[in-house]
Amino acid sequence: MLDRFYKISEYVEDMSVFLFGARKTGKSTFLRKTFPKALYIDLLDSELGALYKRRPSYLYEQLEDKSSDTIVIIDEIQEVPELLNEVHRLIFKNDIRFILCGSSARKLRRKGYNTLGGRAFPCYFYPLVSCEIPNFDLQKALNDGLIPQHYLSKNPKRLLAAYIDVYLKEEIKAEAIVRNLDGFQRFLEVAALTNGEIVNFTNIASDCGVKSVTVKEYFSILQDTLIGYMIPAYTKSMKRKLVQAPRFYYFDVGVANYLLKRQTLIRGSAEYGHAFEHLVIQELIAYIGYTNSQEKLSYWHTYSGLEVDAIIGDARIAIEIKSVDEVLPKHLKGLKAFHEEHPDCQLMFVSHDRINRTSSGVKIININDFLKDLWEGKIF
């Protein structure tokens, strides 16, 4: 069993938490290992879930005599959100600490369920990250993704197929917000074509045969169920006209590969390059989430075609990501242009180049060294 990076116990020492993450990222396994003495309530147990749903006050009766050092894990809280009123009462009366685990907060918000009014800190869980895997295999991660079961499997393609056809559809169906699941499946595939690209809602709507407002809602569903992320554009500019639309990434590069019908990725191909960028963005998102960093992640793109893949904070760090074997001056144009407008920004280029060095003010760093430094807190 792999040790996960997240130090959620630091939050649970002080207060209750919501822990949200896409399905199969390993939330339940992580919580059972981290809190072996906690009282664990699994709402995927249909009989148990039905009891609590019929009479939520059972939870209060079960826990009202527990002390303040009690930790209670309620897994898949969105299955019986009516329990949140009882959770609220128990936090207020006994100061019991709850870990409320689920794959989406959307259902709770949409139907107006009690979200505990700031008494539970929101935390997020991600697929595996490079520092959690002994002898991390970059090629395997790029091809199969980092959902734990997939990365560790000898037959990840079969598992990816099941994940898309079963888990994602179940997730959306459980939210009771998409009537036409076949149409939504088509949207998932079209959205994959824009993975890592600037989102054009009108074009995607045309490809899917639906209205653009429907496409916007579909993307909202992907974000709320943590299946995808919108990376906003960095829009502060002195002189250049900048693209304002966001970029979209699926939460796992393996999921994007499957939807795009990518086979084994070959180093040097365009498909490999897209997956390479996606993986680095995936790691940045997880690092920011796990460290509760106040830094924001964005990207920069001018109408003239200059771009930088990742901007950290208010132009504090700019990172270009390309799977080239040798970084040449032509690859640095976007970073140099960004630096002209933001001269205090630290510039980085992540690639397969084996020689770490500084060229024209840009720190060139090999992908493996970058990932190591990232999780050791040396990047930001």
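I started with the second largest pocket: 28 residues line it, and T25, G26, K27, S28 and T29 lie nearest its centre. I'm working on a predicted model, where local features need pLDDT of at least 70, side-chain atom pairs count only at pLDDT 80 or more, and totals for chains, interfaces and linings use all residues. Residues are numbered from 1 along each chain as its sequence is written, and side-chain values use heavy atoms, leaving out hydrogens and water.

A pocket here is an open set of points on a 1 Å grid over the protein atoms alone, where a 1.4 Å probe fits, with protein on both sides within 12 Å along at least five of seven lines; lining residues have an atom within 4 Å of a point. I noted about 590 Å³ for the second largest pocket, volume being the space filled by probe spheres set on the points, with grid points joined across faces, edges and corners. Helix α2 (27–34) gives the largest share of that lining, six residues. Helices are DSSP runs of H or I, at least four residues, and strands are runs of E, at least two, numbered from the N terminus.

Next I checked the largest pocket, which holds about 900 Å³ of space. Its lining has 33 residues, with Y124, Y126, L226, Y229 and G289 nearest the centre. Strand β5 gives the most, six residues.

Last, I looked at what meets what between α11 and α12: F201, T202, I204 and A205 in α11 meet S212, V215, K216 and F219 in α12, contact meaning heavy atoms within 4.5 Å.
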